[in-house]
Amino acid sequence: MFFKPMQHKAAGLPHNPLKAIVSPRPIGWIASRGSDASINLAPYSFFNALSEDPAMVMFSVQLDSPDHQKDSLRNVEETGEFVVNIVGEAQFDAMNISSGSFAYGDNEFIHAGLDMVDSDTISVPRVGGVPAALECVHYETLPLPRNAEGGGYTMVIGTVTGIYIDDAVIKDGLVDYHAFVPISRLGYRDYGRTGDIFMASRPGQE
Ligand SMILES: Cc1cc2nc3c(=O)[nH]c(=O)nc-3n(C[C@H](O)[C@H](O)[C@H](O)COP(=O)(O)O)c2cc1C
């Protein structure tokens, strides 16, 4: 089978398989603050780390409509800070609730029954109880090309200014995946739990 992007139906596939084949994707659960001091929380699976030193991350925001952007993008552009909260198995339901359509300024922490915990380097809070969180300052916004309908995505790049890890998920100096079970986004309505972990060395590594 071969087809061009968005031509999956002509190829006999009822649903776009792109996110299923680029899977698993980590979920960046993005907390942000508007210039009116309102707090926002929403998950983004077009998310990843870009580099280690300096530590940089990105997430990509779909336009709500050709002329309306999502709250997370608006806030990061307004105040220049965000927190990437890491989603473990225990955070799944709250993460899903926070993806609902709430009016601008309506705090998803409250809707999802979550605590706001002060960050160390920025004014945006992290989610209480998460296994880890990355405090970030806005580095750059990169608008991606629009599609034929005027839709599209905007990529937000941030520089990590602080790293929180729950001491309970550290074992022998390493992050213990089994202590929180990272959740990933697959395609369709599918999610993954990271559980089957193996080690390997690169050629030449001891
Ligand atoms: C697991 C998951 C991953 C998501 N990933 C994205 C994404 O990468 N980009 C995007 O624009 N929306 C994504 N969404 C949808 C947003 O979370 C949703 O539109 C949310 O209401 C946006 O909130 P905001 O306007 O407060 O930023 C995702 C939803 C879920 C449940």
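Modeller: Happy to. Let us begin with two terms: strands (E, at least two residues) and helices (H or I, at least four) are DSSP runs, numbered from the N terminus. Two strands pair if DSSP finds at least two bridges between them. What you see is a predicted model, in which local features need pLDDT of at least 70 and side-chain atom pairs count only at pLDDT 80 or more, while totals for chains, interfaces and linings use all residues. Residues are numbered from 1 along each chain as its sequence is written, and side-chain values use heavy atoms, leaving out hydrogens and water.

Now to the sheet. It is open and is built from seven strands, which follow one another as E3-E2-E6-E9-E10-E5-E4, with antiparallel pairing. At the edges stand strand E3 (39–44) and strand E4 (47–52); each has a single partner strand, so one side of each is left without a neighbour in the sheet. On average, neighbouring strands of this sheet are turned by 30 degrees against each other, direction ignored. Such angles run from 0 to 180 degrees between N-to-C directions, and the axes behind them are lines fitted to C-alpha atoms, for helices over the stretch in contact.

Next, the backbone. Most residues other than glycine have a negative phi, and most peptide bonds are trans. The bond from Asp53 to Pro54, however, is cis, with omega near 0 degrees, and Pro54 is in the loop between E4 and E5. Another cis peptide bond joins Ser23 and Pro24, with omega about 0 degrees; Pro24 is in the loop between helix H1 (18–21) and strand E1 (25–26).

Positive phi values also turn up. Met6, in the segment before H1, has a phi near 75 degrees. Asp172 has a phi near 50 degrees and sits in the loop between strand E11 (170–171) and strand E12 (174–175). Met6 is exposed, at 60% relative accessible area, and Asp172 is exposed at 75%. Exposed means over 50%, buried under 20% and partly exposed in between (1.4 Å probe, protein chains only).
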